[in-house]
Amino acid sequence: MLVVMCQQATPDEIDAVVAAIQAKGCTARPIPGGERVAIGILHNKGAMEASYFLAFPGVKDAIPVTCPYKLVSREFQPKATVIQVGDVSIGNGHLTLIAGPCAVESETQCLNIARKIRRAGAHVFRGGAFKPRTSPYSFQGLQEKGLQVLARVRDETGLPVVTEAIDHDVFDLVEQYADIIQIGTRNMQNYSLLRRAGQSHKPILLKRGMAATIEEWLMAAEYILEGGNTQVILCERGIRTFAHHSRNTLDLSAVPVVLKESHLPIIVDPSHASGRRDQVIPLSRAAVAVGAHGLMVEVHDAPEKALSDGAQSLYPEQFEMLCRHVRSIFDVFHSSH
Ligand code: PEP
Ligand code: MN
């Protein structure tokens, strides 16, 4: 339930509602934004009585929240969340371009790619230091050395960096280096990892599980918000279907659904969705046209030699073209509002 206070409600009136919620053994969560204060009720067992709260001075409305996710929902927070990472804004009204190699391979490789993607217009550098690989024989990432390379990239280029924490054990270490911490598709329902992310002060980029419904994905985000971390960026990266003309099937319909259901920013990863370089630019254009707040794209300076995901990695010149295309699509989309 959401208790909406009148615009003129006094701090004492708000405190009285909070105390009443707590007295019922529930958690009271004030919701940011807007002109008036709203207080979300969490951890209630069963339905709450609206009339009970309506009797309090200063209460305008008490609205039952019907969806299973609370804190991530538009019902709880109508105002879109915009996440600030240094100078970079992610969310409503912004188009954030994240690019870089699948895996950090060396300092030279990363610096070279980072300079090129920055020149093309990227805002954030990506690169995996810990890689979740399907085969235990594949390259597993440079690990802490890779994180040090990312820190060097940030120092040299000024670009914030996003990298994945593949499990609970490495989370603390990744948190020390990353500006944004990625939780990958294979971990979307790793609840202890989600709880750890909920305690972090860093933004979390939460990829959609490759076989997860949108509701399951939003519930995964709910774990992070429930833990106290409200900075979650959702990332659609393709789901498993019967099709094999691409590695996964990019579910672009997820974008308008998430925009309607949630206030969180949503970006699209066309690289893991398609697995094929030739599909990345068209899917990126479509993702921006459908309303995504940004893209995460794999770019490599020598994709044929990449230690992972070379086939889906763009050449830097292709990324430059992608940036030009999506920027003009974004501008058309936004000037019509
Ligand atoms: C990645 O972004 O490097 C990655 C492994 O993505 P996903 O978790 O979507 O497969
Ligand atoms: Mn990859």
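## Surroundings of Phe130

In this predicted model, Phe130 touches Gln140, Gln143, Glu144, Leu147, Glu164, Ile166, Val170, Leu173 and Val174, leaving aside residues up to four places away in sequence. Phe130 is located in the loop that runs between strand 8 (124-126) and helix 4 (144-157).

The relative accessible area of Phe130 is 5%. Because that value is under the 20% cut-off, Phe130 counts as buried. Gln140, one of the residues touched by Phe130, is ten residues away along the chain, and the two C-alpha atoms are separated by 6.2 Å.

## Surroundings of Thr96

Thr96 belongs to strand 7, which covers residues 96-100. With a relative accessible area of 2%, Thr96 is buried. Not counting residues up to four places away in sequence, Thr96 touches Val88, Ser89, Ile90, His123, Val124, His293, Gly294 and Leu295.

Between Thr96 and Leu147 there are 22 Å in space, C-alpha to C-alpha, and the two are 51 residues apart in sequence. Leu147 is among the residues that Phe130 touches.

## Helix 5 and helix 6

Two packed helices are described by the angle between their axes and the distance between the axes. For helix 5 (residues 168-177) and helix 6 (residues 191-198), the angle is about 25° and the axes are 10 Å apart. An angle under 35 degrees counts as roughly parallel, so helix 5 is roughly parallel to helix 6. The crossing of these two helices, helix 5 and helix 6, is right-handed.

Helix 5 contributes His168, Phe171, Asp172 and Glu175 to the contact, and helix 6 contributes Ser192, Leu193, Arg196 and Ala197. Sorted by class, the residues in the contact of helix 5 with helix 6 are three nonpolar, two polar and three charged.

## Helix 6 and helix 7

Helix 6 also packs with helix 7 (residues 214-226), at an angle of about 40° and with the axes 6 Å apart. That angle makes helix 6 oblique to helix 7. Helix 6 passes helix 7 in a right-handed crossing.

On the helix 6 side, the contact is made by Tyr191, Leu194, Arg195, Ala197 and Gly198; on the helix 7 side, by Ala220, Tyr223, Ile224 and Glu226. The classes in the contact of helix 6 with helix 7 are six nonpolar residues, one polar and two charged. Ala197 of helix 6 takes part in the contact with helix 5 and in the contact with helix 7.

## Residues with positive phi

Most residues other than glycine have a negative phi. His43 has a positive phi of about 65° although it is not a glycine. His43 sits in the loop between strand 3 (38-42) and helix 2 (50-54), and at 41% relative accessibility it counts as partly exposed.

Asp309, likewise not a glycine, has a positive phi of about 55°. The loop that holds Asp309 lies between strand 14 (294-298) and helix 11 (316-335).

## The chain as a whole

The chain has eleven helices and 14 strands. Its radius of gyration is 21 Å, close to the 20 Å given by the globule rule for 337 residues, so the chain is as compact as a globular protein of that length. Taken along the principal axes, the C-alpha atoms fill a box of roughly 70 × 45 × 40 Å.

Of the 337 residues in the chain, 54% are buried. Among contacts between residues at least 6 apart in sequence, 69% join residues at least 24 apart.

Note on methods. Residues are numbered from 1 along each chain as its sequence is written. Chains are lettered from A and ligands numbered from 1 in the order in which they are written. This is a predicted model: local features need pLDDT of at least 70, side-chain atom pairs count only at pLDDT 80 or more; totals for chains, interfaces and linings use all residues. Side-chain values use heavy atoms; hydrogens and water are left out. Axes are lines fitted to C-alpha atoms, for helices over the stretch in contact, and angles run from 0 to 180 degrees between N-to-C directions. Helices (H or I, at least four residues) and strands (E, at least two) are DSSP runs, numbered from the N terminus. Angles under 35 degrees count as roughly parallel, over 145 as roughly antiparallel, 65 to 115 as roughly perpendicular and the rest as oblique. A crossing is left-handed if the near helix is turned anticlockwise from the far one by less than a right angle, and right-handed if clockwise. Contact means heavy atoms within 4.5 Å. Ala, Val, Leu, Ile, Met, Phe, Trp, Tyr, Cys and Pro count as nonpolar, Asp, Glu, Lys and Arg as charged, and the others, Gly among them, as polar. The radius of gyration is taken over C-alpha atoms; the globule rule is 2.2 Å times the number of residues to the power 0.38. Buried means under 20% relative accessible area, exposed over 50%, partly exposed in between (1.4 Å probe, protein chains only).
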